[in-house]
Amino acid sequence: MSIQITLDGRPVSTQAGANLVDVAAEHGVYIPTLCYLKGKPCLGTCRICSVSVNGRIAAACTVSVSDGMIVAVDEPALADMRKALIEMLFIEGNHNCPSCEKSGRCDLQAVGYDVGMLVPRFPYRFTPHQREVGAERIWLERDRCIFCQRCVDYIHDQHSGQKIFTIKGRGSNARIEIDKTLADQMSAEQVREAAELCPVGCIIEKGVGFNRPIGERKFEIKSVRQRALEDDV
Amino acid sequence: MNKKVLSIVKRYQADKTRLLDMLWEIQRQYDYIPHGAILTLADELNLSVNDIRETSSFYHFFHMRPAGKHRFYLSNTVIARMNGYQQVLMALEQATGATLGSMDVSGTFGVYDTACIGLSDQEPAMLIDDVVFTRLTVDKVQWIIAQLQQGYSAAEIANPQQLPTHSIAYVDQLVETHICQAGPVFFQQETDYHRLLQQCLTHDPDAVIKTVLNARLQGLGGAGFSTGEKWRLCRETASQTKYVIGNADEGEPGTYKDRALLIRSPKEVFLGMIIAAWAIGAAQGILYLRAEYIYLKQFLETELQQLREAGLLGRHILGREDFSFDIRIQMGAGAYICGDESALLESCEGKRGTPRVKPPFPAQQGYLGMPTTVNNVETLAAVTRLMEKGAAWYAGLGFATSAGSRLVSVSGDCARPGIYEVEWGLTLNQLLEQVGAVEPWAIQVSGPSGECVAVELSGERRFGYDDLVCNGSLMIFNRSRDLLDIVHQFMQFFVTESCGICTPCRVGNVELRQKIERIIAGKGCQQDLDDLLSWGEIIRRTSRCGLGATSPNPILTTLAQFNQLYQAKLIASQGTLLPSFDVKAALQGHEQARIKVMQIESEPSKEVVK
């Protein structure tokens with residue numbers, strides 16, 4: 001069903017029930033995302049896609065558009081809110097882009113650049129995290145996990161359907177875990193899929209580090225914003 | 001071990017949605033959840049080992065390592081701290097040899113902190129091995145431990161007369177139930193359940209929903225959503241299978257009114273569930289009982305059995321072939337967030353209690369993906385009463401925007417802590433007078449997630465959805481209390497209880513807590529207060545569920561009404577550095593290295609020995 005919504009003051013025609021992140025992108029309005037992946041079940045964890053919907057703040061990835069909806073994205077207060085959430089992720093983990101294998105193809109780094117983040121308003125925590133290197137082909141660099149839950153929800157053992165990645169503990173004590181036995185049974189494609197699903201450099205495929213030179217990487221060629229607007233994720 | 005675990009799994013028919021029950025049974029068997037048991041569970045339930053840990057590690061009461069044969073969980077609420085928590089804790093540590101958060105060397109005793117256990121009218125209180133001890137003193141603690149050392153079980157100490165554990169006498173022996181003001185809605189003992197249900201069932205479900213709508217009943221768990229509307233949505237969602245869930249995960253610090261209802265009016269609560277089942281078309285119900293109320297379980301099971309025997313519950317209720325409905329009790333395992341209805345559903349399914357993304361709402365896709373109505377214990381009891389007295393009667397109570405009444409659990413600086421039924425419209429001052437408040441200064445309305453108000457400024461505000469909303473918790477503080485310390489404890493509570501699934505709540509609450517610590521330490525400046533306001537606002541507005549949406553409230557509401565407390569703590573910035581920045585500490589590493597270099601340089605060079 002064709003409906004109309006108001007997007008940053010502009011009337012926009014779209015289909016009822018479509019995801020707000022996609023609708024906005026189709027109409028030239030970029031909403032940054034980290035956990036959201038088009039076509040996959042919504043996770044709603046990172047909240048960096050927070051926008052105003054009918055006057056209330058909502059994570060755009062959790063919103064299905066309906067007729068008459070009034071959406072605001074490009075307002076300074078909203079942009080600052082999203083920036084604050086991205087900053088929170090930067091200070092919670094230890095993100096040292098220059099030494100990270102994911103630099104240039106890291107969603108967190110890319111959205112950080114996009115929102116113009118310089119120095120976070122929150123103090124860096126420098127919490128030490130133990131890395132997990134026990135699996136044969138995957139290593140977990142926990143310093144960089146942002147708890148988006150993509151790997152937890154989207155990657156399962158192909159035979160048993162069991163979870164390979166899980167979260168242990170809760171709140172600020174939560175940490176990502178990998179089932180080493182199941183991980184060692186993953187196909188080469190699935191290992192690659194997991195590494196690519198990870199929006200940061202937490203899930204790293206062993207043995208293929210720096211396979212593409214810095215300067216020629218995904219977001220270095222085309223920005224995260226451009227990619228989203230061109231549906232070239 | 002394997003055999004025992006296998007028999008537990010078998011008892012639950014290897015149903016992974018019952019994982020919490022299985023984990024509880026394993027822990028009762030071994031005093032913790034051994035790795036070997038998890039391996040067996042994983043095998044039998046077709047879950048990865050880490051998947052089971054994902055659930056077990058989420059809940060406060062599950063231990064993955066030996067945690068002591070007798071596990072003490074001392075409630076650490078602000079009310080307990082006003083009543084001798086610190087002395088009791090010291091006595092506990094001394095007598096057991098265990099330090100807080102661990103067990104003694106022999107592995108006999110484990111001493112742990114726990115959030116509010118619903119006994120704010122009789123703190124300090126603690127749980128030990130499924131029973132509870134209240135009004136703790138140093139002597140009482142020493143006596144309990146001496147008894148345990150002599151080989152008595154906690155159950156024997158708490159229940160010396162060996163009253164049957166399903167009896168009300170047993171429950172009354174463990175905890176006091178102070179109902180100070182009851183009626184017109186709650187704790188009225190005259191209901192003829194048989195007649196009432198018969199009468200309800202003569203109306204078709206839509207008519208029942210209409211009655212609830214007309215009564216203008218709003219959910220009494222805290223969110224205040226229209227109960228009739230919830231039921232209507234659930235009824236309208238097409239499905240063969242639907243569920244009714246009673247939310248007895250009363251976790252808001254300071255509340256204990258659901259405990260009082262479960263003890264004094266359990267049948268009103270269950271009847272409310274039966275009426276809901278009729279209204280939405282459900283055949284199965286669950287009462288989600290918080291682990292802290294485990295000592296009520298057998299009593300409640302007996303109440304359910306009585307209803308079954310009276311034909312009010314079970315197959316073909318009151319002889320109607322078109323209506324069968326039964327209720328089981330699901331135990332929680334220690335997580336405040338499970339009071340959120342969608343987190344509660346996840347927990348009922350044997351998973352971590354993380355709130356779901358909404359929509360879909362539980363009324364559309366709830367327990368096991370089926371339409372489900374989740375109602376608070378108090379709401380359910382109100383349903384029973386309003387069906388008895390009629391919608392007009394209920395709607396006539398209270399005032400325009402807020403119909404009916406609600407129960408308030410009163411604690412803190414007052415002469416008569418207990419349960420008070422408050423008709424919407426009563427002012428705060430009126431209630432404070434009723435409860436015998438002693439020089440009240442600051443009132444925490446609705447627990448940490450609610451608001452802290454100054455009696456001076458807000459005493460004439462009235463309880464109601466358009467003014468002083470109350471979820472059932474009311475803590476009274478006089479001027480001798482350290483309000484900033486209380487704010488800090490509330491922030492610590494939210495940090496501990498955040499599920500961690502969304503960024504603002506997981507990360508932001510830690511930042512807020514640190515800021516409060518800085519201010520209390522006398523190292524804060526005006527910028528810190530400005531940050532508290534703006535960061536609090538970001539967390540409040542962007543969080544995924546009600547926990548994050550309310551967690552900055554202790555700060556935001558005290559900043560509004562007790563600003564002078566914060567101002568008095570501030571110091572002025574000198575120069576360009578923040579007062580919290582310790583230059584000496586920051587340069588210490590460099591200084592040490594410099595000294596070391598100087599020492600090395602001053603030593604005569606040594607020859608390399610071959």
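In the predicted model, B:Met103 stands opposite B:Gly110 of strand E3 of chain B. The two residues belong to a pairing in which E2(B) and E3(B) (residues 109-114) run antiparallel over two bridges; strands are taken to pair if DSSP finds at least two bridges between them. Helices (H or I, at least four residues) and strands (E, at least two) are DSSP runs, numbered from the N terminus. Residues are numbered from 1 along each chain as its sequence is written, while chains are lettered from A and ligands numbered from 1 in the order in which they are written. As the model is predicted, local features need pLDDT of at least 70 and side-chain atom pairs count only at pLDDT 80 or more, whereas totals for chains, interfaces and linings use all residues.

The pairing of E2(B) with E3(B) forms part of an open sheet of five strands, ordered E2-E3-E1-E4-E5 in chain B, with mixed pairing. Strands E2 (102-103) and E5 (131-133) of chain B each have a single partner strand and stand at the edges, so one side of each lacks a neighbour in the sheet.

Chain B is divided into domain 1 (2-56), domain 2 (70-162), domain 3 (181-396) and domain 4 (399-481), with bounds that come from an automatic or database domain assignment. The centres of domain 1 and domain 4 of chain B, taken over C-alpha atoms, are separated by 44 Å. In helix H25 of chain B (residues 553-561), the buried residues include B:Asn553, B:Pro554, B:Ile555, B:Thr557 and B:Thr558. A residue is buried if 20 or more other C-beta atoms lie within 10 Å of its own, exposed if 12 or fewer, and partly exposed in between, with C-beta atoms placed from the backbone. Among the elements of chain B that cover the buried residues of H25(B) are strand E16 (451-454), helix H21 (483-497), helix H22 (503-520), helix H23 (526-542) and helix H24 (546-550).

Chain A comprises eight helices and nine strands. Its radius of gyration, taken over C-alpha atoms, is 18 Å, close to the 17 Å given for 233 residues by the globule rule (2.2 Å times the number of residues to the power 0.38), so chain A is as compact as a globular protein of that length. Along the principal axes, the C-alpha atoms of chain A fill a box of roughly 55 × 40 × 35 Å. Of the 233 residues in chain A, 43% are buried.

Strand E7 of chain A is joined by four bridges to strand E8 (residues 175-178) of chain A, and the two run antiparallel. Within this pair, A:Thr166 stands opposite A:Glu177 in E8(A). The hairpin of E7(A) and E8(A) has six residues between the strands, and A:Gly169 there takes a positive phi near 75°. Elsewhere in chain A, A:Thr127 lies in the loop between helix H3 (107-114) and strand E6 (138-140). A:Thr127 counts as exposed because it has 12 C-beta neighbours inside 10 Å.

Between the chains, 31 residues of chain A are in contact with 29 residues of chain B, contact requiring C-beta atoms, placed from the backbone, to lie within 7 Å. Helix H2 (76-92) and strand E7 (165-168) of chain A are the elements that give two or more residues to the side of chain A that touches chain B. The largest share of that side, six residues, comes from H2(A).

Methods:
Contact = placed C-beta atoms within 7 Å.
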